[in-house]
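Subject: Structure handover

Hello,

Here is the structure I promised to pass on. Please open it before you read the rest.

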Amino acid sequence: MTSLDPTQTDAWAALVRHRDALAGTQIRSLFESDPDRFTRFSHTQGGLTVDLSKQRVTVETVSLLLDLAAAMNVEDRRAQMFAGETINITENRAALHVALRDSSGRSYMADGVDVAPGIAATRDRIAEFAQSVIDGSCTGHTGQSFDRVVNIGIGGSDLGPRCVVTALGTHCGIHADFVATVDGNALNDVLSVADPARTLFIVCSKSFSTQETKTNADAAKRWLTGVLGADAVAAHFVAVSANPDEAAAFGIPQDNVFPMWDWVGGRYSLWSAIGLAVAVGCGQDAFDRLLTGAHAMDQHFESAPLDQNLPVLAGLINVWNRNFWDCPVLVVQPYDHRLRLLPMHLQQLVMESNGKGVTGSSDAVSHAVAPVVFGGSGSESQHSFMQLIHQSPMVVPVEFIVSLNGQNDPNRDKIFANTLAQSEALMNGLPAEEISQESGENLAAHKSCPGNRPSSTILLDSLSPETLGALLVFYEHRTFVEGTLWGLNSFDQWGVELGKHLASGLLSDIAAGHARAGQDSSTAGLLAAYLAQ
């Protein structure tokens, strides 16, 4: 992968000049000069309406950003991904997660092999297995049906499916739990309310050796066999893994191992058999509809011209905020309790994909890359971190997400009003001179808000499986566009591996009862304190 330096392009220089020209412009003045601004800067696709009009952009801004997209070959890079080319160059892999969402019969080639038939066969297996658990024909060791599924995985094997199940809810009589951390308290909390005879475990690990996942799977196995005996494992555990031999050694029969593929990165694996907990917990119909909405956004991203392409336009504006206005943080704020885990899912997607220090050409980056992503449920956030966003000198763009159809929520009017009020307040602020003189000059200074803070608002027609699928894929492709504009490989995560490697050495130190020679004094001192307990 040969990467251009975006800062050396003519398009980047033009954007710098344009930024300087806009420096004194207030966002609200852009509305005053353009009554049709909302129509011009809002876009609808796949049950989503994305309003970009409260961003600090003009028609010229978008045109110049599209020049940058052309200079950084966004269209070519997009085509390479859909064609199954080896765009993950450090791991010599394609990034073909789009194929997982397509049931049209289209071929997707990876290393000269059409992967579509294998995907279709696995999807059929997921549907058959999920239905058998839901209808009770798949039973545990004692012949009882399952009433609880426990997904054991970490990273992409946890965050995506956990977010979806939380958003869509479980309506099939099967309670879904997720265990990721190696902290044993998390698993113990789940097992303390579970019935061994009616609990199904899904172990999600490509290698079947991920430390956290294997530790929790072993603990769950001990809990189960301690009550039901060693023969119960085969009836209560299934695996999603690329290593069926290790799964078999654990006690999981071949028929209960669902495949994972090298061309699917962990944070994009929700759409594969990693979504098995979604199919069991929410129902196969919900999982199918999730894939349908996701595929619709794929089609839009692949075929729409860049100036009408929702993930492209949103990605360009994020780069505009990050690199030209020095915004190091991005807040994602869903005003829907069911989407409360979305910010956590996006933290991995954005920061693991684009939190890189070198380009695809192995050169040090010469510009800022991924922002820090955080967020939370809207109403609660207004009473916590939004204070900083309204009045701090640091400008933090915000993305508000809200459903138009609150599905019989009696408080939906209040939710919607608060969503709009926050974006309006960020844009307009409250000048000190507009505050009542009764407040006094000093208090007016404390009450005033500077405004001119950019935000976007995403309206969902409703929180359905289709719109959720479209929303998640919108963020995936937007992240890809941003990585392309920065010249990054968005599909590896080598920084994650260093800590894993060091942890293995420290576990050996703990087993030996002392630090290794040459260990730094801080690590050695902390280790000694742990060993002394």
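Below is what was found, from the whole fold down to single residues.

**Ground rules**

This is a predicted model, so local features need pLDDT of at least 70, side-chain atom pairs count only at pLDDT 80 or more, and totals for chains, interfaces and linings use all residues. Residues are numbered from 1 along each chain as its sequence is written, and side-chain values use heavy atoms, with hydrogens and water left out.

**The whole protein**

The protein has 22 helices and 13 strands. These are DSSP runs, numbered from the N terminus: helices are H or I with at least four residues, strands are E with at least two. The radius of gyration is 25 Å, close to the 24 Å that the globule rule gives for 533 residues, so the protein is as compact as a globular protein of that length. That radius is taken over C-alpha atoms, and the globule rule is 2.2 Å times the number of residues to the power 0.38. Along the principal axes, the C-alpha atoms fill a box of roughly 75 × 60 × 55 Å.

How much of the protein is buried? Of its 533 residues, 52% count as buried. Buried means under 20% relative accessible area, exposed means over 50%, and partly exposed lies in between (1.4 Å probe, protein chains only). The protein exposes about 22200 Å², and carbon and sulfur atoms supply 51% of that area. Accessible areas come from the Shrake-Rupley method with a 1.4 Å probe; for residues, only the protein chains shown count as cover.

Now the contacts (heavy atoms within 4.5 Å). Take those with a separation of 6 or more: residues 24 or more positions apart account for 74% of them.

**Charges and salt bridges**

There are 34 positive and 58 negative side chains. Lys and Arg count as positive, Asp and Glu as negative; His and the chain ends are not counted. The centres of the two sets lie 2 Å apart. For this, the place of a charge is NZ of Lys, CZ of Arg, CG of Asp or CD of Glu.

Side chains of opposite charge can pair when their charged atoms come close. The structure holds 21 salt bridges. Each is a side-chain nitrogen of Lys or Arg within 4 Å of a carboxyl oxygen of Asp or Glu. Look up these examples:

- Asp-298 pairs with Arg-101, with the closest N and O atoms 2.7 Å apart. This pair links distant parts of the chain, 197 residues apart: Asp-298 is in helix H13 (residues 284–303), and Arg-101 is in the loop between helix H5 (74–82) and strand E3 (109–110). Both Asp-298 and Arg-101 are buried.
- Asp-492 meets Lys-356 at 2.7 Å, N to O. Again the pair links distant parts of the chain, 136 residues apart. Asp-492 lies in the loop between helix H20 (465–486) and helix H21 (494–512), and Lys-356 in the loop between helix H15 (342–354) and strand E11 (372–375). Asp-492 and Lys-356 are buried. Elsewhere, salt bridges that share partners join Glu-91, Arg-93 and Asp-262 into one network.
- Arg-162 meets Asp-158 at 2.8 Å, N to O. Arg-162 is partly exposed, at 24% relative accessible area. Asp-158 is buried, at 4%.

Ser-423 sits in helix H18 (residues 412–428). Its relative accessible area is 0%, so Ser-423 is buried. Which residues does Ser-423 contact, leaving aside neighbours within four places in sequence? They are Lys-54, Phe-400, Ser-455 and Thr-457.

Leu-485 is in helix H20. It is also at 0%, and counts as buried. Leaving aside neighbours within four places, the contacts of Leu-485 include Pro-6, Leu-68, Met-72 and Gly-315.

Phe-208 has a positive phi of about 60°, although it is not a glycine. It lies in the loop between strand E7 (199–204) and helix H9 (211–228). At 2% relative accessibility, Phe-208 is buried.

Ser-362 is not a glycine, yet has a positive phi of about 70°. Its place is in the loop between H15 and E11. Is Ser-362 buried or exposed? It counts as exposed, at 60%.

Thr-359 is found in the loop between H15 and E11. At 11%, Thr-359 counts as buried. Beyond its neighbours within four places in sequence, Thr-359 touches Ser-3, Val-365, Trp-486, Gly-487 and Leu-488.

Best wishes
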